[in-house]
Structures are given as C-alpha cells and as structure tokens.
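The sequence and structure come first.

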Amino acid sequence: MRQGAGVLLVARDTGRVLLLKRSVSVSTEPGTWAIPGGKVDRGETVQTAAIRELREEAGYGGPMVVSAKPIFILEGPDLVFSTYIGLVEHKFEPWLNWESDDAKWCRLSRLPSPLHFGVKEMMRLVDVDSEARRICLLP
C-alpha cells in the first residue's frame, strides 16, 4: 500500500492556514484547494515526507514546529495519507512548483472552493480549529 503525507500549516500571527490550488497538470483533483503533500519515499519517515513536501510545493525552508503525530489519517483502497499540523510564526509568500497554480492563507471559517476531497474529509471529521489551538498554542 502506498503512503502519502502532508502538512496543514498554520501561521501563528494570523491563525490562518496555507492551502494550495492544484495545477491542471496534476492527475488527481486538479483545480482543487489542498494542503502541501505527496508520497512518502523509500527510507523516509511519514513526518519527514510531509515536511519535505511542504518545502518542495511551497518553497518554505524556515523554522517551523510540526506535530509528532498526524491529526488525520485518510485510508483509501491503495493509499494511506497522514496529515500533520505545522506552525510558522508568520505567514510567508509561498514559492510554488509546477503542482500548484495559486496559494492562499485562509481562515478556517472561510476556506476556498472547491476543496480537495482529502481536505474536505479532514474538515468534516476533525475539529481542526481546536487541534490548531491545542498543538500550535494559538490564542
């Protein structure tokens, strides 16, 4: 079974989360808003893969804190995708690779549409606002 991982990134100064609009060039869910994420490479931990994908897809290599455990695991017939929550002090301007056409820092109460099916499912099943406050020590 394949494994994937991503980071729901929160900016402490605003409480907003980073979402990327998937490029029309990607095969799965193009045009939807998603978190930075992708496949886990051989020899890589799931958390390390999530952080690497954030760096690759949003161009961020600065300081951040990432949860030790995923806040959400989506299990499909051939893929298990683990979502971690991460914290940066301030929002930054993402540098996007070919997988994304746009980026937004969003309030959890006002997410863009259409959402990637995995993000939609996470928002339905997890109290992301509470998790962000608990893990990231937001006010």
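The points below are grouped by topic. The model is predicted. Its largest pocket holds about 690 Å³ of space, and its largest nonpolar core has 19 residues.

**Largest pocket**

- The lining of this pocket is made up of 30 residues, and those closest to the pocket centre are Arg22, Thr28, Leu79, Phe81 and His116.
- Strands S1 (2–11), S4 (37–39), S6 (72–75) and S7 (79–88), together with helix H2 (117–125), are the elements that give two or more residues to the lining of the largest pocket.
- H2 gives the most to that lining, with four residues.
- Sorted by class, the lining of the largest pocket has 12 nonpolar, 11 polar and seven charged residues.

**Cavity**

- Searching the whole structure for cavities of 30 Å³ or more finds one.
- The volume of the largest cavity is about 40 Å³.
- Leu20, Arg22, Ala34, Ile35, Gly37, Glu57, Glu99 and Ser100 line the largest cavity.
- By class, the lining of the largest cavity divides into three nonpolar, two polar and three charged residues.

**Nonpolar cores**

- Within the largest nonpolar core, the residues with the most contacts are Ala5, Leu9, Leu18, Val88, Phe92 and Trp105.
- At least two residues of this core come from each of S1, strand S2 (17–22), helix H1 (46–58) and S7.
- H1 supplies the largest share of this core, six residues.
- Beyond its neighbours within four places in sequence, Ala5 is in contact with Pro36, Gly37, Gly38, Val40, Val46, Ala49, Ala50, Glu53, Phe81 and Ser82.
- A second, separate core has 18 residues, including Val10, Trp33, Phe81 and Val126.

**Backbone geometry**

- Most residues other than glycine have a negative phi, and most peptide bonds are trans.
- Ser113 and Pro114 are joined by a cis peptide bond, with omega about 0 degrees.
- Pro114 is located in the loop between strand S8 (100–106) and H2.
- Glu29 is not a glycine, yet has a positive phi of about 55 degrees.
- The loop between S2 and strand S3 (33–34) contains Glu29.
- Glu29 has a relative accessible area of 26%, so this residue is partly exposed.

Conventions:
Residues are numbered from 1 along each chain as its sequence is written. This is a predicted model: local features need pLDDT of at least 70, side-chain atom pairs count only at pLDDT 80 or more; totals for chains, interfaces and linings use all residues. Side-chain values use heavy atoms; hydrogens and water are left out. On a 1 Å grid over the protein atoms alone, a cavity is a set of points where a 1.4 Å probe fits but cannot get out, and a pocket is an open set with protein on both sides within 12 Å along at least five of seven lines; lining residues have an atom within 4 Å of a point. Grid points are joined across faces, edges and corners, and a volume is the space filled by probe spheres set on the points. Ala, Val, Leu, Ile, Met, Phe, Trp, Tyr, Cys and Pro count as nonpolar, Asp, Glu, Lys and Arg as charged, and the others, Gly among them, as polar. A nonpolar core is a set of buried Ala, Val, Leu, Ile, Met, Phe, Trp, Tyr and Cys residues joined through side-chain atoms within 4.5 Å. Buried means under 20% relative accessible area, exposed over 50%, partly exposed in between (1.4 Å probe, protein chains only). Contact means heavy atoms within 4.5 Å.
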